[in-house]
Amino acid sequence: MSRLAPLLCLLATTASSRVPDFSREILPILSDNCFQCHGTDAKARKGELRLDVEADAKRVKDGVAAIKPGNADASEAIKRIVSTDKDEHMPPAKSHKNVTPAQLELLKQWINGGAKWGQHWAFTRIEKPKTGNGIDDFVAAKLKEHGLAFSPEAAPETLCRRLYLDLVGLPPTPQEVAEFVKVANGTAKAYETLVDKLLSDPRHGERWVWEWLDASRYADTNGYQGDLERTAWPWRDWVIKAINDNLPYDQFTVWQLAGDLLPNATKEQKLATAFVRNHMINGEGGRIAEENRIEYLFDQVETVGTVWLGLTFQCTRCHDHKFDPLTMVDYYSMMAFFNATQVDGGGRSGQTAPVLDMSTPTEEAKSQQAQQRVNQIAKEVEAFELKKWPRPEGKGLEESEAAKLPGNLPATLAKTVPSKRGVDALLESINYFKDKDKAYVAVLQKLLNAVRQRDAAKSNITKVMVMEERKEGPRDTFLLVKGAYDNVTTTKASMATPAKLPPMPANAPRNRLGLAQWLVSRDNPLTARVTVNRYWQSFFGTGLVKTAEDFGLQGERPVHMDLLDWLAADFMDHGWDVKRLLKMIVTSRTYRQAGGAKSEELRAKSGEQALQNPGELYALRASLYAQFPRFRMPSFMLRDQALAISGLLSPKVGGPAVKPYQPDGIWEEATFGKVKYTPDTGDALYRRSLYTFWRRIVGPTMFFDTAPRQFCVVKATRTNTPLQALVTMNETTYVEAARAMAQRLLLDASLKDDTARLTQAWRLATARAPKAGEVTTMLTSLQKLKAKFAADAEGAKTLLGVGDSKRDEHLNATEHAAWTSLCLMVLNLDEVLTKE
């Protein structure tokens, strides 16, 4: 249960005679304390007792019932909880679980009130609540329950920066802020106009693709010890395009899980299925192909279970779930949907079949030119062979003296025209004739070189791993003992969705397409809830359900249940329109509030006397959205922000991954010296973070609190350690960005003095003008820095030499170094690193 639950209960007015709600108050107690031994998992079940099923929990056996409706004292479950006999007390001491006095009282009240059963909230059908119409209605009602109210609207400058960071992932320019402030004047129209502008900005897709890359475990290598490189960036670019095009989320889902199975599937729809193939690939020597294949299937099932259902499916790979109504049969029935593709688990290359040709016009042209060269030389070889081995008109070489040649040569010469001979066949001919016919060998060598060039051109063609069904039909799927590929049971699983969730329609295709359509059907109770929760999480730092990866019984119940259901129902009812959902969130009063007030101010405003701990007070207000949450931006956005503020950021969209700065030796250490990291140069160093080459066994070093991209992650961690400050103050990109920012200020002729330059620096980084005290403090620091570098010319030279971009040598080195250090300080201000 939520740690805020006691606080909410403390502030809520309740009567002792109230019957507790099963789903909200009783089920979490039973799940936490009882289901591990008395739940879904038959193998772990004790005493043949189930407390997750109403009939079993209330069944009378030998005159005893675990739960006797209307009589808590006669209920065996209550007797065991209060028993002082260590052999009878429940939960047992070895479980390290304990029913608190408050929880015991709730259980008693519930049983005495009739023990009315219910269903876990996340498994109930999504319906729009009858009370409330819009985000602010639900938030305001919850605030009112606790004597709270919305905070005032944030300042226009703050709102402008917040919107830019949230919708395009980059800070606004001072000009963009000024334009918004000028027309805002408290009007909703100006704000809505800005929202629409940013939602249609091409950079919007670049901002919102990141979380999807984390969820889809996207990377540029396969992982494991070999960690061979793969080509997946065309899929990444497709996702950016799909987001910008506002592809409805239901279609976004279907295309990625089963685009290849759609009628007359387009190349784009087939490409979308690369989502499923983003898993790691083990190409290490000695690996068994079937073992690999089964592991890929596990990944695919668990990724779908997390991304769309918000359930911990991995728990049912080896046994029935101990808390949620999921079984091993459910797991392998889901796996059966993916056990019908051509993927065989073999191959030691970066790409394994099936693959989709995504060649660029340049690659196609090179390949065609290479093939034309092969055809041209092949004609020379064919003419030479006609002279060398004459034969009757219309007959092949098998009717000539060539038939008497040793080894495979007769078959090669007789059955394969020169233009279709491969490297091995040509090498065999060259080796045999090298001392017998130098003229023939010369023309063969010419053809061999052309064939090698053609093969190289073909191998360089961009290919992406995608999904494709087996022509021979789906494989049989059987349950595996402890998930071991070679320990197969006789229990067969057919393609089916979890039994405790609404079933697939009878006429739905039993394949991945049917599964994808079921996931986004109106009857599915999870997908819409899980999806809108993650979008909310991206804006507010945490979701309405904090456990974004777990909507099961062990997940945290949302404080704003009605709001979540309203958003989910509205999302589906309006065609799964993502941009509409985002606009609705950012135009709400809930989003537009000011944030970050001090705890003393909060207490004074709300008059909450029951909560004296400032941390508890802030947590309560944050959970109820009485203010906008204030938290550090993700590391990918911090890097992009620094590049944008400095003027270095490249606007280029899409294409192969790039390699920005990285300390020497990182890749070499991880790959035992087999792979060396060579940073790019020029424009590629300043691309947005999402284009950074991602090696699975050792991710980009400039990012912290990011997903490892080895498995599906839908909720990024957020920590606060000194190591992060070491990155933002010392990593090459940040230092170079500070240097470029300083140069930008010093070369701006409109900035006449240091005060003007500092004001502009502040506007670039924070979207507001500095306060008088901030100006004084920073100018004092600037003078100290100037004195420092005036006395240390070598130090100034070293600092100004960081990074690949060229500095304007006309600038005074001392001045430039001092401003570089000052700009680095500005880039590391708490306000700059934080979204407010």
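Here are some worked exercises on the predicted model above, each with a solution in steps.

Residues are numbered from 1 along each chain as its sequence is written, and side-chain values use heavy atoms, with hydrogens and water left out. Because the model is predicted, local features need pLDDT of at least 70 and side-chain atom pairs count only at pLDDT 80 or more, while totals for chains, interfaces and linings use all residues.

**Exercise 1. Describe the surroundings of leucine 564.**

Step 1: Start with the secondary structure. Leucine 564 belongs to helix H23, residues 561-573. Helices here are DSSP runs of H or I with at least four residues, strands are E runs of at least two, and both are numbered from the N terminus.

Step 2: Check the accessibility. Leucine 564 is buried because its relative accessibility is 0%. The classes are buried under 20% relative accessible area, exposed over 50% and partly exposed in between, with a 1.4 Å probe and protein chains only.

Step 3: List the contacts (heavy atoms within 4.5 Å). Setting aside residues up to four places away in sequence, leucine 564 touches Trp121, Arg529, Val532, Asn533, Leu544, Val545, Phe551 and Pro558.

Step 4: Asparagine 533 is 31 residues from leucine 564 along the chain, yet their C-alpha atoms are separated by 7.2 Å.

**Exercise 2. Which residues have the most contacts inside the largest nonpolar core?**

Step 1: A nonpolar core is a set of buried Ala, Val, Leu, Ile, Met, Phe, Trp, Tyr and Cys residues joined through side-chain atoms within 4.5 Å.

Step 2: Apply the rule. The largest core has 201 residues, and Trp235, Trp238 and Leu567 have the most contacts inside it. Helix H23 gives the most to this core, with nine residues. A second, separate core has 21 residues, among them Leu426, Leu447, Leu448 and Ala450.

Step 3: Zoom in on tryptophan 235. Beyond its neighbours within four places in sequence, its contacts include Trp212, Ser216, Phe275 and Asn278.

Step 4: Turn to serine 216. This residue sits in the loop between helix H11 (203-215) and helix H12 (233-244). Serine 216 is buried, since its relative accessible area is 0%. Apart from residues up to four places away in sequence, serine 216 touches Trp235, Phe275 and Asn278.

**Exercise 3. Classify the ring pair of tryptophan 536 and phenylalanine 540: how far apart are the centres, and at what angle are the planes?**

Step 1: State the test. Rings of Phe, Tyr and Trp (its six-membered ring) pair if their centres lie within 6.5 Å; planes under 30 degrees apart are stacked, over 60 edge-to-face and the rest tilted. The count by this rule is 41 aromatic pairs.

Step 2: The centres of tryptophan 536 and phenylalanine 540 are 4.3 Å apart and the planes are at 20°, so the pair is stacked.

Step 3: Compare another pair. Phenylalanine 539 and tyrosine 591 are edge-to-face, with 5.8 Å centre to centre and 85° between the planes. Phenylalanine 539 is in H22 and tyrosine 591 in helix H25 (residues 589-592), so the pair ties together parts 52 residues apart in sequence.
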